[in-house]
Amino acid sequence: MPDAQREKRLAKAEQYCKKALEILPTYAKPANMSDELFVAAKNQTAAMAYSGLGLVAFRRAKYSDAIPSLEQAIKLESSPDPVNFYLLGLCNEKASHFDDAVAAFTKCAVLPGGLQATCKSSTDEAKKLAATQLSVPK
């Protein structure tokens, strides 16, 4: 995909995610829905939007910008999404936050799904990078 078209799609995705987060607080609770269920639904919607913002920043190689969005998505999710932990690990690794990368990859590796093996090997790689960073004199 040409860069201009790719950036146009990323900009549109970012716009949708920001708009969702902007209007989410204005939603009124339906009369037939419990407060608990309504809060859970709003949190899940916000988690998806933050995840989208994190992914957009990741695709733009703005790893430090992606980290807070992915952390917020993880915090709001009712059930952990291994993809968000994986992306958080990658972003932390690219930003040279190796201990945080190890933590994210470790959480990803214990969640069921197709990313377990990838997250396990990424954990090992991030540990090696952390050890290398510690051995480099400053």
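These legends accompany several close-up views of one predicted model.

Residues are numbered from 1 along each chain as its sequence is written, and side-chain values use heavy atoms, with hydrogens and water left out. Because the model is predicted, local features need pLDDT of at least 70 and side-chain atom pairs count only at pLDDT 80 or more, while totals for chains, interfaces and linings use all residues.

**View 1**
Helices (H or I, at least four residues) and strands (E, at least two) are DSSP runs, numbered from the N terminus. Along the sequence the pattern reads α-α-α-α-α-α. The C-alpha atoms fill a box of roughly 60 × 40 × 30 Å along the principal axes. Of the 138 residues, 33% are buried. Buried means under 20% relative accessible area, exposed over 50%, and partly exposed in between (1.4 Å probe, protein chains only). Contact means heavy atoms within 4.5 Å. Among contacts with a separation of 6 or more, 51% join residues 24 or more positions apart.

**View 2. Helix H1 packs on helix H2.**
H1 spans residues 3-23 and H2 residues 35-59. Their axes lie 9 Å apart, at an angle of about 155 degrees. Axes are lines fitted to C-alpha atoms, for helices over the stretch in contact; angles run from 0 to 180 degrees between N-to-C directions. H1 and H2 are therefore roughly antiparallel. Angles under 35 degrees count as roughly parallel, over 145 as roughly antiparallel, 65 to 115 as roughly perpendicular and the rest as oblique. The crossing of H1 and H2 is left-handed. That term applies if the near helix is turned anticlockwise from the far one by less than a right angle; clockwise is right-handed. H1 contributes Arg-6, Leu-10, Ala-13, Glu-14, Cys-17, Lys-18, Ala-20 and Leu-21 to the contact. H2 contributes Ala-46, Ala-49, Tyr-50, Gly-52, Leu-53, Val-56 and Arg-59. By class, the contact has ten nonpolar, one polar and four charged residues. Ala, Val, Leu, Ile, Met, Phe, Trp, Tyr, Cys and Pro count as nonpolar, Asp, Glu, Lys and Arg as charged, and the others, Gly among them, as polar.

**View 3. H2 also meets H4.**
The axes of H2 and H4 come within 11 Å and cross at roughly 35 degrees. This crossing is left-handed. Ser-51, Leu-55 and Phe-58 of H2 touch Asn-84, Leu-87, Leu-90 and Cys-91 of H4. Five residues of the contact are nonpolar, two are polar and none is charged.

**View 4. The model has two aromatic pairs.**
Rings of Phe, Tyr and Trp (its six-membered ring) pair if their centres lie within 6.5 Å; planes under 30 degrees apart count as stacked, over 60 as edge-to-face and the rest as tilted. The Phe-58 and Tyr-63 rings have centres 5.8 Å apart and planes at 65 degrees, so this pair is edge-to-face. Phe-58 is buried at 18% relative accessibility. Tyr-63 is partly exposed at 21%. Tyr-86 and Phe-105 form a tilted pair, with 5.9 Å between centres and 50 degrees between planes. Tyr-86 lies in H4 (residues 82-94) and Phe-105 in H5 (residues 98-110), so the pair ties together parts 19 residues apart in sequence. Phe-105 is buried, with a relative accessible area of 0%.

**View 5. Asn-92 sits in helix H4.**
Asn-92 is buried, with a relative accessible area of 2%. Leaving aside neighbours within four places in sequence, Asn-92 contacts Ile-67, His-97, Phe-98, Asp-100 and Ala-101.
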